[in-house]
Amino acid sequence: MRTLTSDQWQLAKKLLHEAVQYQMTLEKSAFASELIDQTTPVLWFGDATRSSWVTIATNPSRSQFLDRTGALRFDEHGPLFIRPQSMTWSEYLQEETLTESIWRFNRYFKQPHVYRTWFGRPGGGKLEGFLNGLGASFYEKTLDPVIHLDFFPFPTHHYMGAIKEHGVLEDSPFGQTFLLRLLELFSIKGIILLGKEHTERFAKLEPDIDWTIYQPMDYPDAIFQVGVSSRFQVPVIGLHFKPSEQFIGLGNRKDENGVSHGTYGSAEHLRQIGMIVLEKVTTYSEKGD
């Protein structure tokens, strides 16, 4: 496996150090009870040495780290770095430990215990199924590679939208700038925003994007929008649905064609939706050339 360039390593360590410093600040705020003890910031999932599509959601899932009883699923030998109880933040910020964390980000989809409940299984549904229709994959080497990252790199006990104090994070200078600086680390083919709220949040960070909204005839509730990032010079896809979640976040009902959202969420149909999105992105890009 190729390694990160020297510039990537330096930027990754700088950003991880900054994220830790901000997590230490959050630990002293009203947000503190939401942070999962012993977890460390997760900057990305996937191989940053390759030119990749980037998917973006809110923050790392608690289920990535905790079982149903609330206990840590893995110790310090798991797929992402867990701080032993005896390790201070100062000790974590040493060169060797930061390097180990970054290596685990980069090796995530090559390791055992990938959180497939959310990402999806190789050849299956969920987000992976949608990406396969787009010609991309977290796992398959013959398709375009994908890296996943989040607006906020901190695992929390509850969904961000359900956290009363989420504004402490979202409105902070860190919350407003960190994602765009993190994206500079990667060679990006395109950006995929996983849900309407993420699309709206990204649109605030890049307000000059000229969006075109699409509503596929066969899947009228799988609305998405396409634009181009002037900052990164790549297509940006804003999904108004979430391929990684049951019924893709649309609720358990039927669309105007009488097709249930449960059908939308099957592996076969997620691939078809991915193919529709790819076609529109290609057409949009050709129109702009």
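**Salt bridges and overall fold of a predicted chain**

Residues 24 or more positions apart account for 69% of the chain's contacts with a separation of 6 or more, a contact being heavy atoms within 4.5 Å. The model is predicted: local features need pLDDT of at least 70, side-chain atom pairs count only at pLDDT 80 or more, and totals for chains, interfaces and linings use all residues. Residues are numbered from 1 along each chain as its sequence is written, and side-chain values use heavy atoms, with hydrogens and water left out.

**Overall form**

- The chain holds ten helices and seven strands; helices (H or I, at least four residues) and strands (E, at least two) are DSSP runs, numbered from the N terminus.
- The radius of gyration is 19 Å, in agreement with the value near 19 Å for a compact globule of 289 residues; this radius is taken over C-alpha atoms, and the globule rule is 2.2 Å times the number of residues to the power 0.38.
- Along its principal axes, the C-alpha trace spans about 55 × 45 × 35 Å.

**Surface and charge**

- Of the 289 residues, 54% are buried (buried means under 20% relative accessible area, exposed over 50%, partly exposed in between, with a 1.4 Å probe and protein chains only).
- The mean positions of the 29 positive and 35 negative charges lie 3 Å apart. Lys and Arg count as positive and Asp and Glu as negative, without His and the chain ends; each charge is placed at NZ of Lys, CZ of Arg, CG of Asp or CD of Glu.

**Salt bridges**

- There are seven salt bridges, each defined by a side-chain nitrogen of Lys or Arg within 4 Å of a carboxyl oxygen of Asp or Glu.
- One of them joins E18 and R181 at 2.6 Å, N to O. E18 lies in helix 1 (residues 6-26) and R181 in helix 7 (residues 173-183), so the pair ties together parts 163 residues apart in sequence. E18 is partly exposed at 24% relative accessibility, as is R181 at 26%.
- R104 and E100 pair with their closest N and O atoms 2.9 Å apart. Both lie in helix 3 (residues 95-107), four residues apart, about one turn of the helix. R104 is buried at 7%, whereas E100 is partly exposed at 29%.
- R253 and D221 form a salt bridge with closest N and O atoms 3.7 Å apart. Both lie in loops, R253 between strand 7 (234-239) and helix 9 (261-264) and D221 between strand 5 (212-214) and strand 6 (224-229), so the pair ties together parts 32 residues apart in sequence. R253 is partly exposed at 48%, whereas D221 is buried at 18%.
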